[in-house]
Amino acid sequence: MTPRLVNAKELAQYLGTTEGSIYTYKSQGKIPPQWIIKLGKRGVRFDLVEVDKSLEEAKSRNDDLSTIFKIRA
């Protein structure tokens, strides 16, 4: 399966959060590493196939995004 790569703004829209939150979570190591595709030194894209896998796994456990992003409630 070919990954569908999106930038931080597109990922934020997909998840219903802000672009700033995506960058914050990434810099804090809270975004699962399998979501991240590095492009050169600074470029980054996110793999929606992996995002969807994580969301489906969380849904099956009745978890929410805070569990995926390791955010304390």
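## Overall fold

Among contacts in the protein chain between residues at least 6 apart in sequence, 52% link residues at least 24 apart. The model is predicted. The chain contains four helices and three strands, and along the sequence these follow the pattern β-α-α-β-β-α-α.

Of the 73 residues in the protein chain, 30% are buried. The accessible surface of the chain is about 5,200 Å², with 48% of that area belonging to carbon and sulfur atoms.

## Helix α3

Helix α3 covers residues 48–60, which is 13 residues. From its first C-alpha to its last the helix reaches 18 Å, close to the 18 Å expected at 1.5 Å a residue. Buried positions in α3 are L48, V49, E50, V51, S54 and A58. After the helix comes N62, which has a positive phi, near 60°.

## D47 at the start of α3

D47 belongs to strand β3, residues 43–47, and caps the N-terminal end of α3. The cap consists of a side-chain oxygen of D47 placed 2.9 Å from the backbone nitrogen of V49.

D47 is buried but has no salt bridge. The nearest side chain of opposite charge is that of K53, 7.3 Å away.

## The salt bridge

How many salt bridges does a search of the whole structure find? The search finds one. E50 forms a salt bridge with K53, and their closest N and O atoms are 3.3 Å apart. Side chains of opposite charge can pair when their charged atoms come close.

E50 and K53 are three residues apart in helix α3, so about one helical turn separates them. An α-helix has 3.6 residues a turn, so residues three or four places apart point the same way.

Are the two partners buried or exposed? E50 has a relative accessible area of 19% and is therefore buried, the cut-off being under 20%. K53 counts as partly exposed because its relative accessibility is 43%.

## E10 and F46

E10 is located in helix α1, residues 8–15. With a relative accessibility of 39%, E10 counts as partly exposed. E10 and F46 are 36 residues apart in sequence, and their C-alpha atoms are 9.1 Å apart in space.

Definitions and conventions: Residues numbered from 1 in each chain as written. Predicted model: local features only at pLDDT ≥ 70, side-chain atom pairs only at ≥ 80, totals over all residues. Heavy atoms only, no water. Helix = DSSP H or I, 4+ residues; strand = E, 2+ residues; numbered from the N terminus. Expected span 1.5 Å × (residues − 1). Buried < 20%, exposed > 50% of the residue type's maximum accessible area, 1.4 Å probe, protein only. Polar contact = N/O pair within 3.5 Å; in protein donor to acceptor, adjacent residues only side chain to side chain. Lys, Arg positive; Asp, Glu negative; His and termini not counted. Salt bridge = Lys/Arg side-chain N within 4 Å of Asp/Glu carboxyl O. Contact = heavy atoms within 4.5 Å. Areas by Shrake-Rupley, 256 points an atom, 1.4 Å probe, with all protein chains shown as cover.
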